[in-house]
Amino acid sequence: MAGVLGLPEGSGGVLTSGGSAGNLTALLAARQAKAGFDAWNGGPTAGPPLTVLVPESTHYCIARSVRMMGWGSEGVTPVPVDARYRLRPEALEEALAAAKRAGRRPIAVVASAGSTATGAFDALDAVADFCAKHDLWFHVDGAHGASAALSPRYRHQVKGIERADSVVWDAHKLMMMPALITAVLFRESHRSFEAFAQEASYLFNGQDTRRWSDVALRTLECTKEMMALKLYTCLSTLGTKLFADSVTDTFDLSRRFAERLQSSGDFELAVSPDCNIVCFRHTPQGIPTSELDALQVRLRESLVTSGDFYLVQTTLGGRVWLRTTVINPLTTDEDLDALLNALRRAV
Ligand SMILES: *Cc1c(COP(=O)(O)O)cnc(C)c1O
């Protein structure tokens, strides 16, 4: 997987239970590498308070990880996003300055490769340049979208991911694996051992603590499933083309869906999709604008309880949107037309 992303020789990583655990693991490694003091043994107050620069569109698990590490709410320094919910690279300098003014030591930038609400891909090359300039750890949360690297048509969206210090990539999202299988990949494989640089001597006594197969040294979990078996079996028997095609097809399908929403006259598209996440709202004639938010909530409730479709909702720009993730490779254009018709009927 590191090879697919273009990470260099010497990269490596570990599988863990989910993107949330994966992001925490990567941030722990970032802290060991960049804090400038031993926070693992000394705790978060053994040095200056730390922070990471994070786009406003990021998954909540980043802020949660930061709080779990004891950095409080200012452990996250928000970076503004643009009209398409992508991190604004030109805002990074100001965010860095703001963090320093607040007495914080910035150690990393987290970029999204497929943000949660809209599936936006941040400009990874620009973030990599910024991190190189300021000696910051570059983490990519690619839980959803790192799989784009498999698709020749959409690989350009993750350009720059090969420059990351760490990447989180969920196989249970666009690689169709049963939950949960997440790769936490490091540009320098040994960083993986630094995330949990604690010695549980009753387990590890007398062993070579750097053995790649000692997964417990490198993850949150102790007992866990043999996740690698499913993923390795699929990759070694099916190769990557099946996964690449699935990414390409669902991204293509989502773009066609977005076009149909735009030309429908009674639906509104939030942003043109970067991947297979499409946010939209139903705007039937005769419903006042002030009632549209409540309508989306009601429509979603009605659809989900009827059982034919599953949608979630999200708030963007202060308004409520329906959000769909086209991830089943058997979903067709006709299914998505049926979704729109079901919404029309539910009004
Ligand atoms: C899904 C997702 C997560 C959380 O991953 P889990 O596997 O659900 O724990 C984190 N970040 C992003 C961008 C995601 O899409």
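Q: How many residue pairs are in polar contact between domain 1 and domain 2, and what makes a pair count?
A: In this predicted model, 11 residue pairs are in polar contact between domain 1 and domain 2, both residues being at pLDDT 80 or more. A pair counts because an N or O atom of one residue lies within 3.5 Å of an N or O atom of the other, with one able to donate a hydrogen and the other to accept it. On the side of domain 1 that touches domain 2, the residues divide into 12 nonpolar, eight polar and four charged.

Q: Why is the pair Asp252 and Arg153 called a salt bridge?
A: The N to O distance between the side chains of Asp252 and Arg153 is 2.4 Å. The limit is 4 Å between a side-chain nitrogen of Lys or Arg and a carboxyl oxygen of Asp or Glu, so the pair qualifies. Between domain 1 and domain 2 the count is three salt bridges.

Q: What makes Arg86 and Asp274 a salt bridge, and which parts of the chain does the pair link?
A: The closest N and O atoms of Arg86 and Asp274 are 2.6 Å apart, which is within the 4 Å limit, and therefore the pair is a salt bridge. The pair links distant parts of the chain, 188 residues apart: Arg86 is in the loop between β3 (76–79) and α5 (92–101), and Asp274 is in the loop between β8 (267–269) and β9 (277–282). By the same rule the count comes to 21 salt bridges.

Q: How many residues of domain 1 and domain 2 are in contact, and what area do the domains bury?
A: The domain assignment gives domain 1 (2–227) and domain 2 (242–345). In contact are 24 residues of domain 1 with 24 residues of domain 2. The two domains bury about 2,000 Å² between them, 64% of it on carbon and sulfur atoms. Tyr154, Leu174 and Met176 supply 28% of the area that domain 1 buries against domain 2, more than any other three residues.

Q: How do you know that the span of helix α10 agrees with its number of residues?
A: Helix α10 (residues 241–264) has 24 residues and, at 1.5 Å a residue, should span 34 Å; because its end C-alpha atoms are 34 Å apart, the two values agree. Gly265, whose phi is positive, near 85 degrees, follows α10.

Terms used
Residues are numbered from 1 along each chain as its sequence is written. This is a predicted model: local features need pLDDT of at least 70, side-chain atom pairs count only at pLDDT 80 or more; totals for chains, interfaces and linings use all residues. Side-chain values use heavy atoms; hydrogens and water are left out. Domain bounds come from an automatic or database domain assignment. Contact means heavy atoms within 4.5 Å. Buried area is the accessible area (1.4 Å probe) that two parts lose on being put together, summed over both. A polar contact is a pair of N or O atoms within 3.5 Å; within protein, one must be able to donate a hydrogen and the other to accept it, and residues adjacent in sequence count only if both atoms are side-chain atoms. Ala, Val, Leu, Ile, Met, Phe, Trp, Tyr, Cys and Pro count as nonpolar, Asp, Glu, Lys and Arg as charged, and the others, Gly among them, as polar. Helices (H or I, at least four residues) and strands (E, at least two) are DSSP runs, numbered from the N terminus. The expected span of a helix is 1.5 Å times one less than its number of residues.
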